[in-house]
Amino acid sequence: ARAAAIVRRRLRALGYRVGTQRVRLPGGGFSRNVIARTDGRAHVLVVAHLDGVRHGPAANDNASGVAALLEVASELRGRRGVLFAVLGAEERGETGARVHLGSARLVAGLGKGRRHVRAAIVLDMVGVGDRLAVRGMAPRPIPLARDLLNRARSLRQRPLYLPDGGSSDHRELTLAGIPAVWLQRRFDPCWHRACDTVERVLPRHLAGAARLTASAARAALDQRANAPR
């Protein structure tokens, strides 16, 4: 709750319209999503989960993704058609759910508006690791993933593409028909452990993830603006 309040304040200070979605938990109680919008339909989503596991402070998984998202929000303020989602209840080991509940709630809130989304970029574990991975549920990169790979190469980030079965919030977005990818650095030996502490998170990795995401988001927004009507 304290983390969500910090995120809400920072996004409001950047000029976004900010709201909260309640996320019901299987064992009772609820978590929350923080949603920030600019004007117009949402054409680009930038997503990071706010929750962690109880074994540690969750600095890389996933305070790193939230930090990068806030930097992207600063870069893109004033651009129409952007939605930032800082999600609760991603950690299925904690919730006991089969799905990532925060992103499932986000998809439900989008409703038919999800048809207008051209790109969804999930920032999850971007502060530790030697190699940047662009991940998706498709065996080969979708156009959004190819664009991110090319942009990362131009920024000398040595990316690789890794298909996966849906281990982060991109799963629920992809299954809803939204072009979604997950940015992650590989590999963090303190994943879901007590040693996932903030001094291990490298600011240059956060800056790289934010710069890459902002660049791809701008391109998707410009492509939408220039599309034939």
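Hi everyone. Let me start with a term: a polar contact is a pair of N or O atoms within 3.5 Å, where, within protein, one must be able to donate a hydrogen and the other to accept it. Keep that in mind as we look at this structure, which is a predicted model.

Our example is T95. The backbone nitrogen of A97 lies 3.2 Å from a polar atom of the T95 side chain. T95 sits in helix α3, which covers residues 92–95. Is T95 buried or exposed? Its relative accessible area is 17%, and buried means under 20%, so T95 counts as buried. Leaving out residues up to four places away in sequence, T95 touches L25, P26, A89 and L101.

Now let's go back towards the start of the chain. Strand β1, residues 17–24, and strand β2, residues 30–37, run antiparallel and are joined by eight bridges.

Next comes helix α2, residues 59–76. What distance does α2 reach from its first C-alpha to its last? The answer is 24 Å for its 18 residues, close to the 26 Å expected at 1.5 Å a residue. Of those 18 residues, 13 are buried, so α2 is largely enclosed by the rest of the structure.

There are a few backbone details around this helix. In the loop between β3 (44–49) and α2 you will find A58. A58 has a positive phi, near 65°, and is a residue other than glycine. A58 is also buried, with a relative accessible area of 14%. Then the peptide bond from D61 to N62 is cis, with omega near 15°, and N62 belongs to α2. After the helix comes G78, with a positive phi near 95°.

Let's move on to helix α5, residues 143–154. With twelve residues at 1.5 Å each step, α5 should span 16 Å, and its end C-alpha atoms are 17 Å apart, which agrees. Which residues of α5 are buried? They are L144, A145, L148, L149 and A152. These five cover an arc of only 135° around the axis, which puts them on the same side of α5. Here is the general idea behind that: an α-helix has 3.6 residues a turn, so residues three or four places apart point the same way.

What do the buried residues of α5 pack against? Their partners are β5 (119–123), β6 (131–136), β7 (160–163), β8 (180–186) and α7 (203–226). On the face of α5 turned away from the buried side are the exposed residues P143 and S154.

β6 and β7 run parallel, joined by four bridges, and V134 stands opposite Y161 in β7. The chain crosses from β6 through α5 to β7, a β-α-β crossover that is right-handed.

On the way out of α5 we meet R156, with a positive phi near 60°. R158, in the loop between α5 and β7, has a positive phi of about 50° although it is not a glycine. R158 is exposed, with a relative accessible area of 51%.

One last stop: a cis peptide bond joins R186 and F187, with omega about -10°. F187 is in the loop between β8 and α7.

Note on methods
Residues are numbered from 1 along each chain as its sequence is written. This is a predicted model: local features need pLDDT of at least 70, side-chain atom pairs count only at pLDDT 80 or more; totals for chains, interfaces and linings use all residues. Side-chain values use heavy atoms; hydrogens and water are left out. Helices (H or I, at least four residues) and strands (E, at least two) are DSSP runs, numbered from the N terminus. The expected span of a helix is 1.5 Å times one less than its number of residues. Buried means under 20% relative accessible area, exposed over 50%, partly exposed in between (1.4 Å probe, protein chains only). The arc is that of the directions from the helix axis to the C-beta atoms. Contact means heavy atoms within 4.5 Å. Two strands pair if DSSP finds at least two bridges between them. A crossover is right-handed if, with the strands pointing away from the viewer, the path from the first strand over the helix to the second runs clockwise.
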